Amino acid sequence: MRVERCVSRGLSKVTGYALGPYQTAIVRIGFGAAWLFFLLREWPHRHELYGPAGPWSFGLGKQLIDTNHAFTVLMWASSGSWFELVYLVAMAAAAAMVLGWHTRAATVLFMVGVLSLQNRSVFMGDGGDNVIHLMSLYLILTRCSQVWSLDARRARRARSRAEARTDAARANVSAGAPGRGESALPHAGGSSAPASVGGSTASGAGDPVAGTGGVVLWAVLGAILVGGTIAGAMSTGWTLFFWALWVANAAWWCVNKAVAVRGGSGLRELRTVCDILANLAHNGVLLIIMVEVCLIYSTAGWYKIQGSRWQDGTAVYYPMNLDYFTPWPELSHLLAGNGLMVFLVTYGTVITQVAFPFTLFNRRVKNVLLAMMIMEHVGIAVLLGLPFFSMAMIAADAVFLPTVFLVWLGRRLTALRTRVRGRLPGGGGHRQPVAPPPPRTAGPEDPALPASAPVGWPGDRNG
């Protein structure tokens, strides 16, 4: 019986909740920001990196794509205007990821931008680009806009409006004003649950319905997908993949619309099944991301152990004396000249990377090593001049950050924003900072979740 209860609780959490809302939000923001800053930094050099007139010409890129069948929309046309459009869309999608604006569509456009640019010139990337490449695929199946997003803020406002209308209707009924007030109350088969992301609320149902912006965005993407399919611009596998995404989101919108308009236990059960499938996909992908990060560090650490320079403790010395990796030569030479510091950093790097996957079952040790790895990447960004690689790895590490710390960080940032806004001209309002809300029901941009979904990982409530 004890085993059965444990299995039952585990299944209920995996199927009933999208776990790690704050962790996935940080991953979304981190990778979106890393890719956006990279594209902004390389704006003056974009034509040399990915353009049709760059060293890796359009003809060479076409030959490679025909061989490895990689996906890139830059191979659809060789004109400079098409390249500029793709580059701008990639930047816009990254910004939408950071803000959490229509996140479900933004994750797809983000993946298209990342794959299109990186597969166009395969020799331009590094380890950080490889991580962004993988995460852009994973984030499509996650519910990463439950908190810290414009979608979540739109959901809160929609819920507040729905609750205000319900309260007003009940007040009218209690005051003996039937008619309009009674019609505004939920029907017997309905629910007074508030609307969600991007949603309006159908009269009497209160279930999430996509707003105009989300519907228009997906309609435009569907028209582009139809054109690409007819033109044969994509391989069969990628065509089926994109159509599956589009149809799944369209079906989700139809189910929510039907529940909001007609209600009924059958439709609600269908939506519950869709919730379960979406939660399984989210939690499964979240587990894959965690395993991916562990594999990155464990393989890097074990390969380092085999190197003679890492064994004698001098490996860190050499990159600090290369002009290409010394944006601050004085600081690099100062640290490289300290033999004890070089020894400690070299051995500390190997020990941290090899030991990290084995510390995941001990929360305190895991948090210590996680902080050490984040500081290591900060040092790589400053000393070796690899900021985007470090941003990508820190964003990947964020999946292991404790929930309590992330909630505390959100409160501090909210308080700071409130103080800054209060000191600006015309910002005299002194609103009290509030903690980020727990994940609630989401619309087609981020499918619905139970309102009682837990915050963070099971057993991680204390950080």
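**Figure 1. Ile-132 and the residues around it.** Setting aside residues up to four places away in sequence, Ile-132 touches Phe-31, Ala-34, Trp-35, Phe-110, Val-114, Gln-118 and Ala-392. This is a predicted model, and that applies to each view that follows. Ile-132 sits in helix 7, which spans residues 127-138. Is Ile-132 buried or exposed? Its relative accessibility is 3%, so Ile-132 counts as buried.

Figure 2. A polar atom of the Asn-119 side chain lies 2.7 Å from the backbone oxygen of Phe-71. Asn-119 counts as buried because its relative accessibility is 12%, and the cut-off for buried is under 20%.

**Figure 3. The largest pocket.** How much space lies in the largest pocket? The volume comes to about 1400 Å³. Its lining takes in 49 residues, and those nearest the centre are Ile-380, Leu-384, Gly-385, Leu-386 and Phe-389. Several helices give two or more residues each to this lining: helix 2 (21-41), helix 3 (46-50), helix 7, helix 12 (265-305), helix 15 (339-355), helix 16 (363-383) and helix 17 (387-397). Sorted by class, the lining has 31 nonpolar, eleven polar and seven charged residues.

**Figure 4. The second largest cavity.** Rolling a probe the size of a water molecule over the atoms shows where empty space is left. The model has two cavities of 30 Å³ or more, and the second largest cavity has a volume of about 50 Å³. Which residues line the second largest cavity? They are Tyr-50, Gly-51, Pro-52, Phe-58, Leu-74, Ala-77, Ser-78, Ser-79, Trp-82, Phe-83 and Arg-120. By class, seven of these lining residues are nonpolar, three are polar and one is charged.

**Figure 5. Phe-37 on helix 2.** Phe-37 has its place in helix 2. With a relative accessibility of 43%, Phe-37 counts as partly exposed. Look for Phe-388 and Met-391, which are in contact with Phe-37 when neighbours within four places in sequence are left aside. Ala-95 is 58 residues from Phe-37 along the chain, and their C-alpha atoms are separated by 9.6 Å.

**Figure 6. Ser-298 on helix 12.** Ser-298 lies in helix 12. The relative accessible area of Ser-298 is 15%, so this serine is buried. Beyond its neighbours within four places in sequence, Ser-298 is in contact with Gln-353 and Pro-357.

**Figure 7. Two loop residues with positive phi.** His-69 is not a glycine, yet has a positive phi of about 60 degrees. His-69 is found in the loop between helix 4 (58-68) and helix 5 (80-99), and is exposed, with a relative accessible area of 57%. Trp-148 also has a positive phi, near 55 degrees. Trp-148 is found in the loop between helix 7 and helix 8 (150-174). Is Trp-148 partly exposed or buried? At 24% relative accessibility, Trp-148 counts as partly exposed.

**Figure 8. Annotated segments and the chain around them.** The unreviewed UniProt entry places the feature "transmembrane region" at residues 20-40, 85-111, 215-234, 240-259, 280-303, 334-356, 368-386 and 392-409. Two of these stretches are picked out here. Residues 280-303 are 100% helix and 0% strand, with end C-alpha atoms 34 Å apart. Residues 85-111 are 89% helix and 0% strand, and here the end C-alpha atoms are 16 Å apart. For context, the chain has 18 helices and two strands. Of its 463 residues, 44% are buried. Among contacts between residues at least 6 apart in sequence, 72% join residues at least 24 apart.

How values were computed:
Residues are numbered from 1 along each chain as its sequence is written. This is a predicted model: local features need pLDDT of at least 70, side-chain atom pairs count only at pLDDT 80 or more; totals for chains, interfaces and linings use all residues. Side-chain values use heavy atoms; hydrogens and water are left out. Buried means under 20% relative accessible area, exposed over 50%, partly exposed in between (1.4 Å probe, protein chains only). A polar contact is a pair of N or O atoms within 3.5 Å; within protein, one must be able to donate a hydrogen and the other to accept it, and residues adjacent in sequence count only if both atoms are side-chain atoms. On a 1 Å grid over the protein atoms alone, a cavity is a set of points where a 1.4 Å probe fits but cannot get out, and a pocket is an open set with protein on both sides within 12 Å along at least five of seven lines; lining residues have an atom within 4 Å of a point. Grid points are joined across faces, edges and corners, and a volume is the space filled by probe spheres set on the points. Ala, Val, Leu, Ile, Met, Phe, Trp, Tyr, Cys and Pro count as nonpolar, Asp, Glu, Lys and Arg as charged, and the others, Gly among them, as polar. UniProt positions are given in the numbering used here, feature names are shortened, and annotations may be inferred rather than shown by experiment. Helices (H or I, at least four residues) and strands (E, at least two) are DSSP runs, numbered from the N terminus. Contact means heavy atoms within 4.5 Å.
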